[in-house]
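Please keep the sequence and the structure in view while reading.

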Amino acid sequence: MATTTAAVFRRTADRELGTTESNWCAAVDSGTGITLSSILFGHRLSLSRVEGAVRELLATNPRLRSNITRRNRTLWFETRDEEVSVNISVIDWNEAPGAGIGEEDGEEDEETEEATTAVVEVWHRILEAEMNIPFPSVFPFPVFETKLYHLTAGTSFLVFRLHAAAADMSCTSTVARSFVDSLHRLDQLEKAGQKSIIKAAYQGSREEGEEEQEEQEEELQQLPSMEAAIPPGQAKKPFWAHGVDVVGYGLSSRRHAYLPFRNSKAPRMSRFIPATLTIEATDQLLKDCQHRNLSLFGAIHAAALKAVASLNKVGDKGEHYGTTVLLQCRHRLQPVLPGSALGFYHSAMLRTTHTSETDPFWDLAEKCSIDFDGAVKNRKHFTDMGDLNGLMMQAIRIPHLTPKSSLRTSVLSMSFDPVYEDLGEAAAGLDIKDNLACSSVHGVGPCLAIFPFLRNGCLRISFVYPSPLFSRSQIQKLVDCILFYLSAGHINPQVEKES
């Protein structure tokens, strides 16, 4: 076994993929669910140090060592416990293909050049490129890949690629923090000249903490599918009710409005626009939510809905918009899973909201919060899981059931809980300049995916959309409008954003 500084070598049993995980395999094949966690360093990283930190990351997170394979007619996670194999692709960005990925293909309108300046950073272009590189489709294939980019300015950009069947968005923070902690520890040992400790640390910790290790292995050995861990009775619904709900979802989706399509025929790719609220604006938003006893989700959802209504110019009449909301379920399962457990443990709920341009912001935010809280109280995150899984697969298999065969299943998709990003004190000592996470949506999915994060008192959002189904200038207007409502717009409801 390769040496590692990991204090514990964790194992997990091979198992069959659950229904949600299997469906995500199909979604990733379509182009949705290529999840990225990335870190920008202000210096050139040593490959050997990165390999050591990744080795420890793999040793302590068995799901990342898994391959997805096919046994007979079912998909399985096969996890290698006999060794920790580290494979890192090292790329000089000067020689990398697709260096122009930041350009908006096929757009010649006058606003394109100005809108494209929103993504001027080289590492943003790399992140977009990585979202559009598919996972292997030949079994078995890994669920985790690491790429190290050396940039021209003497900096390095590290990208962790996660398959959605094995990792949801909350895993991006866990992976980044674990890697940074390991890299910092290796860096300190190397600076102290204790290379022998680096080599022997893993074997020594197993011997000295064997009893504790066994307890931790037993605790983390179970990484069940979400369906297998739903508390008894929580997903119970009469057979006829499933049929009624499926028909209801189908009928309601027909009345949903979407963003105007720019090009529904050309092949698609995922693009993203990162955005950040200032500390002051974030603090004011959180205080306003707390004062009104509303969730941050309600505020972000309301801002996005009002932005869509404004872009579509619906006036007082309004439109019905569908939003796919992803709910973190680790603490709702049995057994309860720790927040650091890697896997896909989000449940999707489709919510329909009628919205007009004139709806007061906080009234709409309250409406969104109450609606979602009621759905969770009625266990919709468990009872409707199978129905929505079936509808997603139906859209993948029969695209013409979606508007213009676009594979759009809702206008928005967003997480209920923001991901808390904290790389710890080690980040400062490693010259980390920034980090970002996002996930592709150019297969089946929404018009706009909203991934919220909280870091150092700031609300950061990764907006991802399929191009050229929508243009960057079109989505940039939408993002600007959302940020407006989350900052100045919600404070004074009389203020109207200029179109």
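The model is predicted. Its protein chain contains 15 helices and 16 strands. Of the 499 residues in this chain, 57% are buried.

**The chain as a whole**

- The accessible surface of the protein chain is about 21700 Å², and carbon and sulfur atoms account for 50% of that surface.
- Among contacts in the protein chain with a separation of 6 or more, 81% are between residues 24 or more positions apart.

- Strands of a sheet pair through backbone hydrogen bonds, and the pairing may be parallel or antiparallel.
- Five strands build an open sheet with mixed pairing, and their order is 5-7-8-2-14.
- Strand 5 (88-92) and strand 14 (432-441) are the edge strands, each of which pairs on one side only.
- From one strand to the next, the twist averages 20°.
- Strand 7 (residues 144-150) and strand 8 (residues 156-163) run antiparallel and are joined by seven bridges.
- E145 has R161 in strand 8 as its bridge partner.

**Helices across the sheet**

- Helix 2 (residues 47-60) lies across strand 5, strand 7 and strand 8, and runs at about 160° to strand 7.
- Helix 5 (residues 170-191) lies across strand 2 (32-41), strand 7, strand 8 and strand 14, and runs at about 30° to strand 2.

**Helix 1**

- The buried residues of helix 1 are T20, E21, N23, W24, C25, A27 and V28.
- An α-helix has 3.6 residues a turn, so residues three or four places apart point the same way.
- The buried residues of helix 1 pack against strand 1 (15-16), strand 2, strand 3 (66-71), strand 4 (74-79), strand 8 and helix 13 (385-397).
- G31 follows helix 1 and has a positive phi, near 120°.

**Cysteines**

- How many disulfides does the structure hold? The number is zero.
- C438 has a relative accessible area of 0%, so this residue counts as buried.
- C447 is likewise buried, because its relative accessible area is 0%, and the cut-off for buried is under 20%.

Technical notes
Residues are numbered from 1 along each chain as its sequence is written. This is a predicted model: local features need pLDDT of at least 70, side-chain atom pairs count only at pLDDT 80 or more; totals for chains, interfaces and linings use all residues. Side-chain values use heavy atoms; hydrogens and water are left out. Two strands pair if DSSP finds at least two bridges between them. Helices (H or I, at least four residues) and strands (E, at least two) are DSSP runs, numbered from the N terminus. Axes are lines fitted to C-alpha atoms, for helices over the stretch in contact, and angles run from 0 to 180 degrees between N-to-C directions. Contact means heavy atoms within 4.5 Å. Buried means under 20% relative accessible area, exposed over 50%, partly exposed in between (1.4 Å probe, protein chains only). Accessible areas come from the Shrake-Rupley method with a 1.4 Å probe; for residues, only the protein chains shown count as cover. A disulfide is a pair of cysteine sulfur atoms within 2.5 Å.
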